[in-house]
Amino acid sequence: MNATIAPNSGGLGQNKSVIGIASLAWAGKRGYWTAMGHADLHVHTTSSDGMMSAAMVLNYVAVNTSLDVLAITDHNTLDGWLRARDFKEAPANDHLAELDLVPGIEVSSLDGHVIGLWVEKMIPRDMSAAETVAAIHEQGGLALSPHPYAWLPGLREFAGVGSKFLTLPFDAVECRNSTPTETFNNCRTVWMNRRRSSPIAEYGGSDAHFLWAISRTWTEFPGRGASALRKALERKQTRARGLTWGPISLWHYYRDKTRWRKFCSEHNVRLHDL
Ligand SMILES: [Zn+2]
Ligand SMILES: [Zn+2]
């Protein structure tokens, strides 16, 4: 049987295959074919000093962001994560099926704030940073250093562990915190981390206390979902990403920061105690 062959199709087809395979290999090497996931690993709710409930956070994330993974990290309590988990698992909330939650807490150590992820048992406050990191590791969690260089006189609500993130066995450091006053400190953190002989994983966390601040900074990682995120943190493949501030967004931020402080005083949130 004679097959009809289009003129020149053989040679050109072979070339196309070679070019196609070479392009795929190049794209694979550059990481372009790998889907990148997005996570916000630092969000507060009304379980500590946030203005929004866990349910409001989850609905906001589902409708307004492209996050695959979210960690609610309330100060010295796992209540925020537990409420989020219960809300996500409620039968009426199928729209949250694509979002993975990571158990989280932001612990006030004597040396500054330490975030524990994949932590399901309470970590006591007021231990040294070294003891806090050890307690997180003991239950199989990852220890993160949020806003390490943040410091405001007399205000423990926003204290970091400083250069201790370089010497203690932290798993990752927050290189982009979305608070506008952290812009310089974020650069300092990146610089300090990258000049050490073995940098730890970098991540971005919004430290959101009101809704629209969620996901202003985020963590990018290869793959999708919580297990891919954990693998990426352990392999130091995460990247800290974020939006920059302009005059209008800054004005909105400080307007809502004032509202937040009023909210805290009305709800007896003692910021100095966090
Ligand atoms: Zn903090
Ligand atoms: Zn925080």
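The largest nonpolar core holds 54 residues, and Val-57, Leu-70 and Leu-144 touch the most other members. A nonpolar core is a set of buried Ala, Val, Leu, Ile, Met, Phe, Trp, Tyr and Cys residues joined through C-beta atoms within 7 Å. A residue counts as buried if 20 or more other C-beta atoms lie within 10 Å of its own, as exposed if 12 or fewer do, and as partly exposed in between, with C-beta atoms placed from the backbone. Helix H7 gives the most to this core, with 5 residues. The model is predicted: local features need pLDDT of at least 70, side-chain atom pairs count only at pLDDT 80 or more, and totals for chains, interfaces and linings use all residues. Residues are numbered from 1 along each chain as its sequence is written, while chains are lettered from A and ligands numbered from 1 in the order in which they are written.

The protein chain contains 8 helices and 10 strands. Helices (H or I, at least four residues) and strands (E, at least two) are DSSP runs, numbered from the N terminus. Of the 274 residues of the chain, 41% are buried. Among contacts between residues at least 6 apart in sequence, 67% join residues at least 24 apart. Two residues are in contact if their C-beta atoms, placed from the backbone, lie within 7 Å.

One open sheet has 5 strands in the order E3-E2-E1-E9-E10, with mixed pairing. Two strands pair if DSSP finds at least two bridges between them. Strands E3 (100–102) and E10 (239–242) are the edges; each has a single partner strand, so one side of each lacks a neighbour in the sheet. From one strand to the next, the twist averages 30°. Axes are lines fitted to C-alpha atoms, for helices over the stretch in contact, and angles run from 0 to 180 degrees between N-to-C directions. Helix H7 (residues 225–234) packs on this sheet. H7 touches E1, E2, E3 and strand E9 (217–222), and its direction makes about 85° with that of E9.

Strands E1 (residues 36–43) and E2 (residues 69–72) run parallel and are joined by 3 bridges. Val-43 stands opposite Ile-72 in E2. Asp-40 has Leu-70 of E2 as its bridge partner. E1, helix H2 (residues 54–64) and E2 form a right-handed β-α-β unit. A crossover is right-handed if, with the strands pointing away from the viewer, the path from the first strand over the helix to the second runs clockwise. E2 and E3 run parallel, joined by 3 bridges. Ala-71 has Val-102 of E3 as its bridge partner. E2 is covered on both faces: Val-69 and Ala-71 are buried on one side, Leu-70 and Ile-72 on the other.

Another open sheet has 5 strands in the order E4-E5-E6-E7-E8, and its pairing is mixed. Strands E4 (104–109) and E8 (201–205) form the edges, each pairing on one side only. The twist averages 35° from one strand to the next. Helix H6 (residues 183–194) packs on this sheet, touching strand E7 (172–177) and E8. The direction of H6 makes about 150° with that of E7.

E4 pairs with strand E5 (residues 112–117) in the antiparallel sense over 6 bridges. Val-107 stands opposite Val-114 in E5. E5 and E6 also run antiparallel, joined by 3 bridges. Here Gly-116 stands opposite Ala-143 in E6. E6 and E7 pair in the parallel sense over 2 bridges. Ser-145 has Val-173 of E7 as its bridge partner. Both faces of E6 are covered, with Leu-142 and Leu-144 buried on one side and Ala-143 and Ser-145 on the other. Beyond residues up to four places away in sequence, Leu-144 touches Leu-41, Ile-115, Leu-117, Phe-170, Asp-171, Ala-172, Glu-174 and Tyr-203.

Helix H4 (residues 129–138) has Ala-129, Thr-132, Val-133, Ala-135 and Ile-136 as its buried residues. They lie on the same side of H4 because they cover an arc of only 160° around the axis. The arc is that of the directions from the helix axis to the C-beta atoms. Their cover includes E4, E5, strand E6 (142–145) and helix H5 (164–167). Gly-140 follows H4, and its phi is positive, near 80°.
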